[in-house]
Amino acid sequence: MITTPFTPTRSCLGRRLILSMLLIVITAFIGFGVPAVLAEQQEISEAFDHRGATLARSISYISVEPLLLRDYPVLDGRLLALASDRTELLQVEVRDLSGRVISGHGSTAGHLEELRLYEYPVSLDDGRVLGSISIKVSAAQLSAQTARDIQSLILHALAMMVALSAAMWLLIDRLVRRPVADLDRQARSLGQGDLDTPIVVGSANQLGRLAQTLDMARVQLAESRAAITEQNEELRLLDRMRDEFISTVSHEMRTPLNGVIGMAGVLRETSLDEDQLQLLSMMESSGESLLVLINDMLDVSRLEAGRMALAIKR
(Lines give C-alpha, C1' and ligand atoms only; values in the text may rest on other atoms or scores of the structure.)
Protein backbone atom coordinates (compact mmCIF):
# COMPACT_ATOMS: atom_id res chain seq x y z
CA MET A 1 0.00 0.00 0.00
CA ILE A 2 1.22 3.46 -0.86
CA THR A 3 1.81 5.59 2.21
CA THR A 4 2.12 9.33 1.97
CA PRO A 5 2.63 11.80 4.81
CA PHE A 6 -0.62 13.53 5.67
CA THR A 7 -1.20 16.02 8.41
CA PRO A 8 -4.91 16.31 9.28
CA THR A 9 -6.10 19.81 10.06
CA ARG A 10 -9.09 20.69 12.19
CA SER A 11 -11.90 21.80 9.91
CA CYS A 12 -13.67 25.03 10.79
CA LEU A 13 -16.32 24.63 8.09
CA GLY A 14 -19.08 24.06 10.66
CA ARG A 15 -18.25 27.28 12.54
CA ARG A 16 -18.08 29.24 9.31
CA LEU A 17 -21.46 27.90 8.23
CA ILE A 18 -22.99 28.81 11.61
CA LEU A 19 -21.55 32.34 11.51
CA SER A 20 -22.70 32.82 7.91
CA MET A 21 -26.17 31.55 8.77
CA LEU A 22 -26.44 33.84 11.81
CA LEU A 23 -25.27 36.79 9.73
CA ILE A 24 -27.93 36.05 7.11
CA VAL A 25 -30.66 35.68 9.73
CA ILE A 26 -29.64 38.88 11.56
CA THR A 27 -29.49 40.78 8.27
CA ALA A 28 -32.94 39.46 7.35
CA PHE A 29 -34.27 40.44 10.79
CA ILE A 30 -32.88 43.97 10.45
CA GLY A 31 -34.08 44.26 6.88
CA PHE A 32 -37.62 43.00 7.53
CA GLY A 33 -38.14 43.28 11.30
CA VAL A 34 -37.23 46.95 11.73
CA PRO A 35 -39.57 48.13 8.94
CA ALA A 36 -42.28 45.91 10.37
CA VAL A 37 -41.81 47.47 13.83
CA LEU A 38 -41.92 50.97 12.35
CA ALA A 39 -45.03 50.11 10.33
CA GLU A 40 -46.72 48.67 13.44
CA GLN A 41 -45.84 51.79 15.39
CA GLN A 42 -47.25 54.01 12.62
CA GLU A 43 -50.42 51.97 12.47
CA ILE A 44 -50.96 52.24 16.24
CA SER A 45 -50.33 56.01 16.09
CA GLU A 46 -52.82 56.45 13.25
CA ALA A 47 -55.44 54.42 15.15
CA PHE A 48 -54.88 56.58 18.25
CA ASP A 49 -55.24 59.76 16.19
CA HIS A 50 -58.44 58.40 14.67
CA ARG A 51 -59.89 57.77 18.14
CA GLY A 52 -58.84 61.26 19.27
CA ALA A 53 -60.48 62.90 16.25
CA THR A 54 -63.63 60.82 16.77
CA LEU A 55 -63.75 61.89 20.42
CA ALA A 56 -63.41 65.58 19.45
CA ARG A 57 -66.20 65.18 16.90
CA SER A 58 -68.47 63.53 19.50
CA ILE A 59 -67.87 66.38 21.95
CA SER A 60 -68.74 68.89 19.23
CA TYR A 61 -72.06 67.12 18.63
CA ILE A 62 -73.09 67.26 22.30
CA SER A 63 -71.97 70.90 22.50
CA VAL A 64 -74.17 72.22 19.67
CA GLU A 65 -77.41 72.67 21.63
CA PRO A 66 -75.93 74.24 24.83
CA LEU A 67 -73.73 76.50 22.77
CA LEU A 68 -76.64 77.55 20.57
CA LEU A 69 -78.85 78.28 23.63
CA ARG A 70 -75.92 79.75 25.57
CA ASP A 71 -76.67 77.26 28.34
CA TYR A 72 -73.13 77.09 29.66
CA PRO A 73 -73.89 75.21 32.93
CA VAL A 74 -75.37 72.34 30.91
CA LEU A 75 -72.31 72.43 28.67
CA ASP A 76 -70.02 72.34 31.74
CA GLY A 77 -71.92 69.34 33.13
CA ARG A 78 -71.67 67.42 29.91
CA LEU A 79 -67.94 68.11 29.61
CA LEU A 80 -67.40 67.09 33.25
CA ALA A 81 -69.30 63.82 32.78
CA LEU A 82 -67.36 63.07 29.60
CA ALA A 83 -64.00 63.85 31.21
CA SER A 84 -64.87 61.58 34.17
CA ASP A 85 -65.56 58.66 31.82
CA ARG A 86 -62.44 59.27 29.68
CA THR A 87 -59.32 59.02 31.85
CA GLU A 88 -57.05 59.74 28.87
CA LEU A 89 -58.90 63.07 28.29
CA LEU A 90 -56.77 65.58 30.21
CA GLN A 91 -58.28 68.85 29.01
CA VAL A 92 -61.31 69.88 26.98
CA GLU A 93 -62.21 73.45 26.01
CA VAL A 94 -65.13 74.98 24.07
CA ARG A 95 -64.41 78.29 22.33
CA ASP A 96 -66.72 80.72 20.63
CA LEU A 97 -66.06 82.27 17.25
CA SER A 98 -63.78 84.88 18.79
CA GLY A 99 -61.59 82.15 20.32
CA ARG A 100 -62.67 82.89 23.90
CA VAL A 101 -62.98 79.84 26.16
CA ILE A 102 -66.56 79.65 27.30
CA SER A 103 -66.40 76.24 28.94
CA GLY A 104 -63.63 73.90 29.90
CA HIS A 105 -62.52 71.12 32.13
CA GLY A 106 -59.23 69.64 33.21
CA SER A 107 -55.63 70.81 33.02
CA THR A 108 -52.34 69.57 31.54
CA ALA A 109 -50.24 70.91 34.41
CA GLY A 110 -48.04 68.22 35.97
CA HIS A 111 -48.40 65.80 33.09
CA LEU A 112 -45.00 64.96 31.69
CA GLU A 113 -46.13 62.40 29.15
CA GLU A 114 -46.68 63.19 25.50
CA LEU A 115 -49.91 65.08 24.78
CA ARG A 116 -51.84 65.21 21.54
CA LEU A 117 -54.13 68.05 20.53
CA TYR A 118 -57.32 67.51 18.51
CA GLU A 119 -59.67 70.25 17.33
CA TYR A 120 -63.07 70.09 15.70
CA PRO A 121 -65.59 72.84 14.79
CA VAL A 122 -69.02 73.06 16.45
CA SER A 123 -71.47 73.66 13.60
CA LEU A 124 -75.15 73.36 12.77
CA ASP A 125 -76.66 71.18 10.06
CA ASP A 126 -76.80 74.15 7.72
CA GLY A 127 -73.05 74.61 8.07
CA ARG A 128 -73.15 77.65 10.35
CA VAL A 129 -70.19 77.47 12.79
CA LEU A 130 -70.87 78.27 16.45
CA GLY A 131 -67.39 77.68 17.84
CA SER A 132 -64.74 74.98 18.15
CA ILE A 133 -63.73 72.10 20.39
CA SER A 134 -60.14 71.65 21.57
CA ILE A 135 -59.10 68.54 23.53
CA LYS A 136 -55.74 67.34 24.81
CA VAL A 137 -55.31 63.60 25.21
CA SER A 138 -52.55 61.78 27.06
CA ALA A 139 -50.40 59.58 24.83
CA ALA A 140 -49.30 57.38 27.76
CA GLN A 141 -51.76 54.72 26.74
CA LEU A 142 -50.49 54.98 23.20
CA SER A 143 -46.89 54.56 24.37
CA ALA A 144 -47.80 51.58 26.53
CA GLN A 145 -49.77 49.95 23.73
CA THR A 146 -46.95 50.64 21.29
CA ALA A 147 -44.40 49.13 23.68
CA ARG A 148 -46.55 46.02 24.18
CA ASP A 149 -47.14 45.56 20.47
CA ILE A 150 -43.49 46.13 19.60
CA GLN A 151 -42.41 43.73 22.35
CA SER A 152 -44.82 41.12 21.04
CA LEU A 153 -43.61 41.69 17.49
CA ILE A 154 -39.97 41.37 18.56
CA LEU A 155 -40.70 38.17 20.49
CA HIS A 156 -42.48 36.71 17.48
CA ALA A 157 -39.61 37.79 15.23
CA LEU A 158 -37.05 36.23 17.59
CA ALA A 159 -39.04 33.01 17.75
CA MET A 160 -39.27 32.99 13.96
CA MET A 161 -35.55 33.73 13.72
CA VAL A 162 -34.72 30.82 16.05
CA ALA A 163 -37.00 28.48 14.11
CA LEU A 164 -35.56 29.68 10.81
CA SER A 165 -32.01 29.28 12.15
CA ALA A 166 -32.75 25.74 13.28
CA ALA A 167 -34.33 24.87 9.94
CA MET A 168 -31.42 26.41 8.02
CA TRP A 169 -28.90 24.60 10.21
CA LEU A 170 -30.60 21.24 9.66
CA LEU A 171 -30.74 21.90 5.93
CA ILE A 172 -27.10 23.02 5.73
CA ASP A 173 -26.02 20.13 7.96
CA ARG A 174 -27.74 17.65 5.68
CA LEU A 175 -26.82 19.16 2.32
CA VAL A 176 -23.37 20.60 3.02
CA ARG A 177 -21.66 19.77 6.30
CA ARG A 178 -22.21 16.01 6.39
CA PRO A 179 -21.29 15.42 2.72
CA VAL A 180 -18.21 17.63 3.12
CA ALA A 181 -17.20 15.73 6.29
CA ASP A 182 -17.64 12.38 4.51
CA LEU A 183 -15.68 13.62 1.51
CA ASP A 184 -12.93 14.96 3.76
CA ARG A 185 -12.66 11.64 5.63
CA GLN A 186 -12.51 9.63 2.41
CA ALA A 187 -10.01 12.04 0.84
CA ARG A 188 -7.76 11.61 3.90
CA SER A 189 -8.02 7.85 3.55
CA LEU A 190 -7.10 8.17 -0.13
CA GLY A 191 -4.16 10.41 0.76
CA GLN A 192 -2.91 7.75 3.19
CA GLY A 193 -2.82 5.17 0.38
CA ASP A 194 -6.18 3.39 0.66
CA LEU A 195 -6.95 2.73 -3.01
CA ASP A 196 -9.44 -0.09 -2.37
CA THR A 197 -12.28 1.78 -0.65
CA PRO A 198 -14.63 3.56 -3.10
CA ILE A 199 -15.28 7.27 -2.55
CA VAL A 200 -19.05 7.75 -2.29
CA VAL A 201 -21.01 10.84 -1.17
CA GLY A 202 -24.81 10.61 -1.07
CA SER A 203 -25.34 13.85 -2.95
CA ALA A 204 -26.19 14.71 -6.54
CA ASN A 205 -24.80 18.26 -6.51
CA GLN A 206 -21.28 19.60 -6.99
CA LEU A 207 -20.04 17.59 -3.98
CA GLY A 208 -21.34 14.39 -5.59
CA ARG A 209 -19.56 15.21 -8.84
CA LEU A 210 -16.38 16.01 -6.90
CA ALA A 211 -16.64 12.63 -5.14
CA GLN A 212 -17.07 10.91 -8.53
CA THR A 213 -13.98 12.69 -9.85
CA LEU A 214 -11.94 11.63 -6.79
CA ASP A 215 -13.19 8.07 -7.16
CA MET A 216 -12.14 8.04 -10.84
CA ALA A 217 -8.70 9.25 -9.76
CA ARG A 218 -8.62 6.47 -7.12
CA VAL A 219 -9.44 3.84 -9.76
CA GLN A 220 -6.75 5.18 -12.09
CA LEU A 221 -4.20 5.20 -9.25
CA ALA A 222 -5.12 1.62 -8.36
CA GLU A 223 -4.77 0.53 -11.97
CA SER A 224 -1.44 2.34 -12.28
CA ARG A 225 -0.19 0.72 -9.07
CA ALA A 226 -1.24 -2.73 -10.31
CA ALA A 227 0.48 -2.11 -13.67
CA ILE A 228 3.65 -0.90 -11.94
CA THR A 229 3.61 -3.92 -9.61
CA GLU A 230 3.25 -6.25 -12.60
CA GLN A 231 6.09 -4.50 -14.43
CA ASN A 232 8.27 -4.76 -11.32
CA GLU A 233 7.63 -8.50 -11.15
CA GLU A 234 8.56 -8.84 -14.81
CA LEU A 235 11.73 -6.83 -14.24
CA ARG A 236 12.63 -8.99 -11.24
CA LEU A 237 12.09 -12.09 -13.37
CA LEU A 238 14.33 -10.66 -16.10
CA ASP A 239 16.99 -9.83 -13.49
CA ARG A 240 16.93 -13.41 -12.19
CA MET A 241 17.13 -14.81 -15.73
CA ARG A 242 20.06 -12.51 -16.52
CA ASP A 243 21.87 -13.51 -13.33
CA GLU A 244 21.30 -17.16 -14.03
CA PHE A 245 22.49 -16.71 -17.61
CA ILE A 246 25.64 -14.85 -16.55
CA SER A 247 26.37 -17.43 -13.85
CA THR A 248 25.88 -20.36 -16.21
CA VAL A 249 27.88 -18.83 -19.06
CA SER A 250 30.65 -17.74 -16.69
CA HIS A 251 30.97 -21.24 -15.23
CA GLU A 252 30.91 -22.77 -18.69
CA MET A 253 33.59 -20.35 -19.88
CA ARG A 254 35.88 -20.80 -16.89
CA THR A 255 36.37 -24.54 -17.48
CA PRO A 256 37.75 -24.38 -21.05
CA LEU A 257 39.61 -21.15 -20.21
CA ASN A 258 41.38 -22.82 -17.30
CA GLY A 259 42.23 -25.66 -19.69
CA VAL A 260 43.72 -23.24 -22.19
CA ILE A 261 45.78 -21.50 -19.50
CA GLY A 262 46.94 -24.86 -18.12
CA MET A 263 47.95 -26.15 -21.56
CA ALA A 264 49.84 -22.90 -22.11
CA GLY A 265 51.78 -23.57 -18.94
CA VAL A 266 52.56 -27.12 -20.07
CA LEU A 267 53.61 -25.82 -23.50
CA ARG A 268 56.02 -23.39 -21.84
CA GLU A 269 58.02 -26.37 -20.49
CA THR A 270 58.82 -27.53 -24.02
CA SER A 271 61.67 -26.26 -26.21
CA LEU A 272 60.41 -23.10 -27.88
CA ASP A 273 62.22 -20.35 -29.73
CA GLU A 274 62.01 -16.70 -28.75
CA ASP A 275 59.06 -15.82 -31.07
CA GLN A 276 57.03 -18.76 -29.85
CA LEU A 277 57.63 -17.84 -26.20
CA GLN A 278 56.46 -14.29 -26.90
CA LEU A 279 53.23 -15.54 -28.51
CA LEU A 280 52.70 -17.98 -25.62
CA SER A 281 53.12 -15.16 -23.09
CA MET A 282 50.50 -13.09 -24.94
CA MET A 283 48.11 -16.07 -24.90
CA GLU A 284 48.61 -16.62 -21.14
CA SER A 285 48.14 -12.90 -20.36
CA SER A 286 44.95 -12.68 -22.45
CA GLY A 287 43.57 -15.86 -20.84
CA GLU A 288 44.27 -14.60 -17.30
CA SER A 289 42.66 -11.19 -18.10
CA LEU A 290 39.59 -12.94 -19.48
CA LEU A 291 39.44 -15.13 -16.36
CA VAL A 292 39.57 -12.05 -14.09
CA LEU A 293 36.74 -10.48 -16.09
CA ILE A 294 34.63 -13.66 -15.77
CA ASN A 295 35.27 -13.80 -12.01
CA ASP A 296 34.20 -10.14 -11.68
CA MET A 297 31.00 -10.89 -13.58
CA LEU A 298 30.28 -13.78 -11.19
CA ASP A 299 30.95 -11.56 -8.16
CA VAL A 300 28.54 -8.89 -9.45
CA SER A 301 25.89 -11.55 -10.08
CA ARG A 302 26.34 -12.95 -6.56
CA LEU A 303 26.09 -9.43 -5.07
CA GLU A 304 22.80 -8.67 -6.89
CA ALA A 305 21.41 -12.09 -5.86
CA GLY A 306 22.51 -11.60 -2.24
CA ARG A 307 24.57 -14.78 -2.23
CA MET A 308 27.98 -13.27 -1.50
CA ALA A 309 29.35 -13.26 2.03
CA LEU A 310 32.03 -10.67 2.88
CA ALA A 311 34.77 -11.49 5.34
CA ILE A 312 37.17 -8.99 6.92
CA LYS A 313 40.82 -10.16 6.91
CA ARG A 314 43.48 -8.46 8.96
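# Notebook: a walk through the fold

**Entry 1: the order of elements.** I read the protein from the N terminus and noted its elements as α-α-β-β-β-β-α-α-α. I am working with a predicted model. My tally for the secondary structure is 5 helices and 4 strands.

**Entry 2: the whole protein.** I looked up how much of the chain is covered. Of the 314 residues in the protein, 25% are buried. I then looked up the accessible surface, which comes to about 21,600 Å². Carbon and sulfur atoms hold 60% of that surface. Next I turned to contacts between residues at least 6 apart in sequence. Of these, 63% join residues at least 24 apart.

**Entry 3: helix H2.** I picked H2, which covers residues 72-85. How far does H2 reach from its first C-alpha to its last? I found 20 Å for its 14 residues. That is close to the 20 Å expected at 1.5 Å a residue.

I then asked which residues of H2 are buried. They are Leu 75, Leu 79, Leu 82 and Ala 83. Seen down the axis of H2, the buried residues fall within an arc of 100 degrees, so they line one face of the helix. I checked the other side of H2 as well. There, Pro 73, Ser 84 and Asp 85 are exposed.

**Entry 4: strands S1 and S2.** I moved on to S1, residues 89-96. S1 is mostly covered, with 7 of its 8 residues buried. S1 pairs with S2, residues 101-106, in the antiparallel sense. I noted 5 bridges between S1 and S2. In this pairing, Arg 95 stands opposite Val 101 in S2.

S1 and S2 form a hairpin, and 4 residues lie between them. Which residue in the turn has a positive phi? It is Gly 99, at about 90 degrees.

**Entry 5: S1 against S4.** S1 also pairs with S4, and the two run antiparallel. I found 7 bridges joining S1 to S4. I looked up two partners. Leu 89 has Val 137 in S4 as its bridge partner. Val 92 has Ile 135 in S4.

**Entry 6: S3 and S4.** How many bridges join S3 to S4? I found 9, and these strands run antiparallel. S3 holds residues 115-123, and S4 holds residues 129-138. Leu 115 stands opposite Ser 138 in S4, and Leu 117 stands opposite Lys 136 in S4.

S3 and S4 form a hairpin with 5 residues between the strands. Gly 127 in this hairpin takes a positive phi near 95 degrees. I also looked up how covered S4 is. It is mostly covered, as 7 of its 10 residues are buried.

**Entry 7: Asp 215.** I finished with one residue. Where is Asp 215 placed? It sits in helix H4, which covers residues 206-268. Is Asp 215 buried or exposed? Its relative accessibility is 18%. The cut-off for buried is under 20%, so Asp 215 counts as buried.

Last, I looked up the contacts of Asp 215, leaving aside its neighbours within four places in sequence. I found Pro 198 and Ile 199.

Conventions:
Residues numbered from 1 in each chain as written. Predicted model: local features only at pLDDT ≥ 70, side-chain atom pairs only at ≥ 80, totals over all residues. Heavy atoms only, no water. Buried < 20%, exposed > 50% of the residue type's maximum accessible area, 1.4 Å probe, protein only. Contact = heavy atoms within 4.5 Å. Areas by Shrake-Rupley, 256 points an atom, 1.4 Å probe, with all protein chains shown as cover. Expected span 1.5 Å × (residues − 1). Arc of directions from axis to C-beta. Pairing = 2+ DSSP bridges.
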